[in-house]
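Please look over the sequence and the model before reading on.

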Amino acid sequence: MKIFVSKKSRVITVIALSALFSTLGTQFSEAAPVRYISVNSTGTVKVTPDAVRLNASVSAISKVSKEALSNANIAADKFRTAILANGIDKKYLSSTTLTVSPEYNYTQEAGNVLIGYRASQSFEVIIRNAAKAGEIVDAVVASVGESLYINGVTPFVYDNTKATQAARASAVKNAKSKANSYAKLLGVKIGKIIYLQENSAPTSYPIAMTQAKSDAGATQIDLGQQDVTVSVSTKWAIS
């Protein structure tokens, strides 16, 4: 049995399909936009620092630059030896500057007069065991002597992974609470979160002297507490 389909039927079918797709396209294009509440929030966790950054330098002055550098190198070796002998891993000891420069003495009568050359080398040491920081400072001072300058000791949070996670959870919880508050004021209901962006940035701490002598004469480093903060921008669907 043969079935014949007229051209007219085909035309009608094509027109019907075109109308259907046109209707669907209109429905999608006219769909109501998602309504939402946009809020920013911050979560902060206080943490006791678990490490101390020690910034120190050694310096020597002499009539000639070569001798000044040699004497500074001797002091630098004493510094390194004391640091490593107190349990600091070599990877946490780094040189930051090395300079040799003329040293002048100024008088009103003679102006600037060259009195020799000063050689200096600076170091940064990360002390992972914050509780031992004062003990290590004392050991270095005793070893290097008058050539040593302690430029700063700074407690900081070396591993803030757990604190950041806690701050992040607090930030999202605060954002949801704030969104619920606005929804209640507006007479709407809050739905799922449709957008979240974290705006946190690494926290930097300035170099600061935070050491003091105890009654026994030992140096103490007061760790205090520091904030780990995470900020988020969110959008919550409402109905």
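Predicted model: local features only at pLDDT ≥ 70, side-chain atom pairs only at ≥ 80, totals over all residues.

Is R168 buried, partly exposed or exposed? R168 is partly exposed, with a relative accessible area of 32%.

**Salt bridges**

Side chains of opposite charge can pair when their charged atoms come close. The whole structure holds 5 salt bridges. Three of them are listed here, including the one that R168 makes with E198.

| Pair | N to O distance | Relative accessible area |
|---|---|---|
| E198 and R168 | 2.7 Å | E198 32%; R168 32% |
| R118 and E103 | 3.2 Å | R118 24%; E103 21% |
| R80 and D77 | 2.8 Å | R80 26%; D77 43% |

Take the pair of E198 and R168, a salt bridge at 2.7 Å. E198 belongs to strand 6 (residues 190–198) and R168 to helix 4 (residues 161–186), so the pair ties together parts that are 30 residues apart in sequence. E198 is partly exposed.

R118 and E103 join their side chains in a salt bridge. R118 sits in strand 4 (residues 111–127) and E103 in strand 3 (residues 93–107), so this pair ties together parts that are 15 residues apart in sequence. R118 is partly exposed. E103 is also partly exposed, at 21%; the buried class means under 20%.

An α-helix has 3.6 residues a turn, so residues three or four places apart point the same way. R80 is partly exposed, and D77 is partly exposed as well.

**Helix 3**

Helix 3 covers residues 133–144, 12 residues in total. At 1.5 Å a residue it should span 16 Å, and its end C-alpha atoms are 17 Å apart, which agrees. Which residues of helix 3 are buried? They are A133, G134, I136, V137, V140 and V144. After helix 3 comes G145, with a positive phi near 80°.

**A buried serine**

S62 is part of strand 2 (residues 51–62). S62 has a relative accessible area of 9%, so it is buried. What does S62 touch, leaving aside its neighbours within four places in sequence? S62 is in contact with E67, A68, G116 and Y117, those neighbours left aside.

How values were computed: Residues numbered from 1 in each chain as written. Heavy atoms only, no water. Helix = DSSP H or I, 4+ residues; strand = E, 2+ residues; numbered from the N terminus. Buried < 20%, exposed > 50% of the residue type's maximum accessible area, 1.4 Å probe, protein only. Contact = heavy atoms within 4.5 Å. Expected span 1.5 Å × (residues − 1). Salt bridge = Lys/Arg side-chain N within 4 Å of Asp/Glu carboxyl O.
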